[in-house]
Structure formats: C-alpha cells, structure tokens
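Here is a short note for a colleague who has not seen this model before. Please read the points with the structure open.

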Amino acid sequence: MNHLTTSLCKLLGIDAPIIGAPISAAPPFVAGVSNAGGLGVIQATWLEAEALIDTIAQVRYLTDRPFGVNFVLPLIQDQDYANLDAALSAGVPVVSTFWGDPDPVIERIHKADALAFHTVGSADEARRVVDLGVDVVVAQGLEAGGHLWGQVGGLALVPAVVDAVPDTPVIAAGGIADGRGLAAVLALGADAAWVGTRFLLAAEHQSHPLYRERLKTARESDTVRTKVFDGGWPDAPVRCLNNETLDAWLAAGAPPPGRRPNEGEVVARYSSGEPILRYSISEPTADMTGDLNAMCLYAGQGVGLVRQEKPLAEIIDEMLSDAARTLARLAGP
C-alpha cells in the first residue's frame, strides 16, 4: 500500500506523488503514468488543436484517472494559444506551462476550471508566478534533462522555493530517478517528484532502442548542458548525452548557428519520410530511421541510475516502495 500520499495528491485526485515529465504525446505512455497512480502529462506544444483533441480522447479511452497537458509558452503564442484552448475545451484538469511568463494564460486556464502549473528556476520567480495566480509550482533543478530554465541545483532550489511559497504545492524536478530521490525531495518539502529520464526506459515510452541502450550505459557525468540542439526552439539550453554531433561542433571551436559542421544535413527521417536535420530538438523515437546517434539524446544527471526497462507500473511501484523504506530507515526504530 502506498503511504506517500501528499496534499498535492489529494488536490489532483492521484495516489502517488509522481508526475510524469512531458516527454511524450503518446496516449499509452501518458495513460500508463496515470494508471500507475501518478499524473501523466501530454507534451502538447507541437500538436495542432485537432490532433490534440484526438490525443486527449485516446488518453481518456485508456484511463479514467486525471492527466494533464504541457505547453512551451513562446512556441504557442503565434497561433494565439489555439491548442491550449482546445485542451481546455476538452476539459483537461491540469495545464502545465514552461519557459517564460504564464500571465497571459492563467485566467484562460482558471476560467476552464483547470489548475495552472508553471516551472520556475528560482525562489523569486516562484513568488512572482504564485502572485499571478499559478496553483502549483514546478521547481526545476539544473540536473534535469531536456530543456533547462534555471541555473540552480535541486538540492538548493527546492527548499528555497518551498519556503518562498509556503501555501502553494511544489513539485521537484531534476535528477529524480529512483525512490531515494523521491524520498529526498519529499524531505526537502516538495509535494511530488517530476520524473522524466527514468521513464524513457518505460515499456510504454516510444524511445528508440539505440537511445535506450545509450541511456542504460550512461554515467551521471555523461550529460552536457548545451544550446547546440536548437532546431525548432532557438537559444534554449538542453541537457543531453554527449554524441558525435556535439563532438564535431566542439572540435570545430563551437561556432555559432550558420557556421556549424554539417549544418542543414538530414541525419534521420520520421516514418512519414519527413527529414530531421542535424541540430534539431527532436529525439530518436522507435519509428525513425537514420543516424539516430547524431540526434539530441535528452537525459538528466540521474541517468547513471537508469538501467532497466520495465512497465511504468513497476517503475512507479518500485519508486514508492524504495522511498517508503528510505524514509522509514531515517525515522529510526
């Protein structure tokens, strides 16, 4: 039985203090996180409104548990937040936003009776967005994989954010890959953990076998923070595994966009035949072909703890059990 229920779990109607990072829009993955007791989150930024509505319907078919959607704010402004409005019209209960100022969308979210999550990188930013009306804050530490907003490690950031917004639930993100990490962030005052890298090896995730093998053999020191993978999201740093694209760029003296080695080269293709260029933000998925190791291999610093492929239910159950044992051990006899 899971005894790690927090106030955020009660607010969201979930059983486990585990939030799936928005690393997929695949309904089996999102629903799988929710069915295992956590909160699955659709990465909705790159879905047009009609496709998003269809994705939400598929997730609902696969689970009767709560789930959310995530949007990168500057990347959905040009279409006047049409896909956000589509998600809200479909009745999604949680909207997570990232990168920038959530002020333009908070009222939209609340009018649809949804909760507004927003990712921050500092205590000051947490105070500001809570004053704007954000319901739940995600404190993203520098250890996190994928796109990075802040500059502070989670051990320092999470308690600072918790203290800054004492009446607001806080989710800790970055480097949480097992039950010890979950126990640690709960001890720091967080109400849940935001888990990404560990879930890349879930049976339900669509990551390519080559990508999975790289993750399974990576050490905690094998990730880098770089802005070189910027195709589709300019000037945004990411944390990923080192690879041939990074090596060639560094060997060339880390030149700026427009002068990078083999820039514009097609390195892979989607199943539709659509090309994927070197330096794209796309990561290798099971339906792609080509030189997949040249693509962006997102991973957080917790990757050194990620070794086994398992169904989401097993991964989450293990995290909860290990966290409970860790906390019990610290409580003493």
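1. Two strands count as paired if DSSP finds at least two bridges between them; strands (E, at least two residues) and helices (H or I, at least four) are DSSP runs numbered from the N terminus. An open sheet is built from three strands in the order 13-12-14, with antiparallel pairing. Strand 13 (275–277) and strand 14 (289–290) are at the edges with a single partner strand each, so one side of each has no neighbour in the sheet.

2. The model is predicted: local features need pLDDT of at least 70, side-chain atom pairs count only at pLDDT 80 or more, and totals for chains, interfaces and linings use all residues. Residues are numbered from 1 along each chain as its sequence is written, and side-chain values use heavy atoms, with hydrogens and water left out.

3. Strand 12 (residues 266–269) pairs with strand 13 in the antiparallel sense over three bridges. Arginine 269 has proline 275 in strand 13 as its bridge partner.

4. Which residues of helix 10 (residues 209–217) are buried? They are Tyr211, Arg212, Leu215 and Lys216, where buried means under 20% relative accessible area with a 1.4 Å probe, protein chains only. These residues lie on the same side of helix 10, because they cover an arc of only 135° around the axis, taken from the directions from the helix axis to the C-beta atoms.

5. The buried residues of helix 10 pack against strand 11 (238–241), contact being heavy atoms within 4.5 Å.

Terms used. Buried < 20%, exposed > 50% of the residue type's maximum accessible area, 1.4 Å probe, protein only.
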